[in-house]
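Trainee: I would like to go through this structure by question and answer. Where do we begin?

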Amino acid sequence: MSVRIRAAVAWEAGAKLSIEEFDLDDPRDDEILVRVEATGVCHTDESSRLGLLPVVYPIILGHEGSGTVEAAGKDVTRVKAGDKVLFTPDYCGTCEQCVLGYTPYCEQAIPVTFTGTRPDGSPRAHAAGGRPVRASFFGQSSFATHSLVTERNIVPVPRDAPLHYLAGFTCGVQTGAGVMLNAIGVAPHQTVAVFGTGAVGLAAVMAAHASGAREIVAVDRVRHRLDLALELGATQAVDTTGQELADVTAQVVRAAGKGGADAILDTTGNPQVILAAVNSAAKHGTISVITSSGKDVTIPPGALLVTGRTLRGTMGGHINPTVFIPRLLDLHAQGRFPVDRLVKNYPFAEVNTAIADSLSGATIKPVLTF
Ligand SMILES: [Zn+2]
Ligand SMILES: [Zn+2]
C-alpha cells in the first residue's frame, strides 16, 4: 500500500524543482505519516538543488516541515493521529555526539541528511512506473503534501499552533538562536554583534534581546533588514553600504562599547567579513561562524592571541532539538521571540518563486503552505 502525494522533486543537479505526483510508502513500524501544512524554505534547499552538497538524485527537497499526524507505526508512542508536529533535521540518535545531545554534529550527518533514503537504503517514494525517488532529505523531504518521519525528528506542538510561521523554526532560526542561547550563552551584561541579518541573524538578534544583552549591534548592507533588526531588539545598526571593512569594524567596536562585542555571529561565510567580525570582538569575546563559502579565511594569530578571543564553529545551533525547540516555542508564546515577523507565506505551487525571493533577500523567511 502507499499514499499518493504531490511533491517538488529535483530530478538532477541544477534542474528546476518540478511538482509531480508520487507514491509514498505506508509508515513502517517506527515511522509517522504526516499531512504537511507548512514548510520553510532555506538556502540549503537551493544548494542541494544545484548539487553543491552531497545530495543523491532524484530527490524530494524541503527540510523545515510541519503538519498533522495522519498515521503512525505500531512502535510510535510520542504522537498519534491528529497531533501537530514540527519536523527537525534528522540524526542517527546512537553515535557519541547524538547521545551527548549535540545532534547537529551527528557522525552520520551526511548520509542521514543528504542521501535521502532510510538507513537500509530504501527510498520511501516511487514515481509512476516504479522509479525510486528519495524522500528522506533531512529525514523528511517536506516539499510535499505528505512526509514520512520518525519520533527522532519531530517536536510535538499544541493543536492550535500557528504552523504557517512556526515551520521556519527548525533550521536557520534554531541556528541563530542556538548560537546566542546555547553555544555562547549570552548574559545580560554582555554585548552582541550580528554580521548579516537574514533569518539566521535576525533569530540571533531576537535571542540576544530575550537574554537581556546590553547592546546588540546589527550589521548588514540591506537597509530594510537593519530596520527590522532594530524593531526586533537590536540597539544599533551599522549599514556597510560603500564602507571599507576596517571602518565597519571601528563602528561596531564603538557601538558595542567596552572595546568590542562579547558575542559575535557571522552569517555570511565571507572571509573578509569573518576577519572584520574577529576584529570587532572584545577581549575574551567569542566569534561564531555558522556557514562556509568554501574560501579560506586569513587571520593573524595575534588577533586572537593578545585578546584571548575565541573563533568557533557552531552547527545547527549546537543543540538537541527535542529540548531546545520547546524552549524557543515558550519564548515565542511569551512574545519574546516574534519569529512571525520574518515570515512571508507562499502557496506550495510557488515553491520556485519562494526560493528565488529567499536568495534575492526580497523575503527573509519564505514558508510554503498547502
Ligand atoms: Zn535549512
Ligand atoms: Zn548520530
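This is a predicted model: local features need pLDDT of at least 70, side-chain atom pairs count only at pLDDT 80 or more; totals for chains, interfaces and linings use all residues.

Trainee: Into which domains is the chain divided?

Mentor: One of the two parts is made of two stretches of sequence, 2-171 and 319-369. The other part is the stretch 176-313. The division is therefore into domain 1 (2-171 + 319-369) and domain 2 (176-313).

Trainee: How much area do domain 1 and domain 2 bury between them?

Mentor: The centres of domain 1 and domain 2, taken over C-alpha atoms, are 29 Å apart. In the contact between them, 15 residues of domain 1 meet 18 residues of domain 2. Carbon and sulfur atoms hold 69% of the buried area, which is about 1300 Å².

Trainee: Which protein residues are donors of the zinc ion (ligand 1)?

Mentor: The donor atoms lie 2.1 to 2.2 Å from the ion. Along the chain the donors follow the spacing C-x20-H-x107-C. They are Cys42 (SG), His63 (NE2) and Cys171 (SG).

Trainee: How far apart in sequence are the parts that His63 and Cys171 tie together?

Mentor: His63 is in the loop between β4 (59-60) and β5 (65-72). Cys171 is in the loop between α4 (163-166) and α5 (172-184). The pair therefore ties together parts whose distance in sequence is 108 residues.

Trainee: Is Cys171 buried or exposed?

Mentor: A residue counts as buried under 20% relative accessible area. The value for His63 is 0%, so His63 is buried. Cys171 has 14%, so Cys171 is buried.

Trainee: What is the geometry of the site of the zinc ion (ligand 2)?

Mentor: Cys92, Cys95, Cys98 and Cys106 coordinate this ion through their SG atoms at 2.3 to 2.4 Å. The spacing of these donors along the chain is C-x2-C-x2-C-x7-C. The angles among the four donor atoms are 104 to 118 degrees, and the site is tetrahedral.

How values were computed:
Residues are numbered from 1 along each chain as its sequence is written. Chains are lettered from A and ligands numbered from 1 in the order in which they are written. Side-chain values use heavy atoms; hydrogens and water are left out. Donors are N, O and S atoms within 2.8 Å of the metal (3.2 Å for Na, K and Ca); water is not among the atoms, so sites may look incomplete. Helices (H or I, at least four residues) and strands (E, at least two) are DSSP runs, numbered from the N terminus. Buried means under 20% relative accessible area, exposed over 50%, partly exposed in between (1.4 Å probe, protein chains only). Four donors count as tetrahedral if all angles lie between 85 and 135 degrees; four count as square planar and six as octahedral if opposite donors are over 155 degrees apart and all others between 65 and 115; anything else is irregular. Contact means heavy atoms within 4.5 Å. Buried area is the accessible area (1.4 Å probe) that two parts lose on being put together, summed over both.
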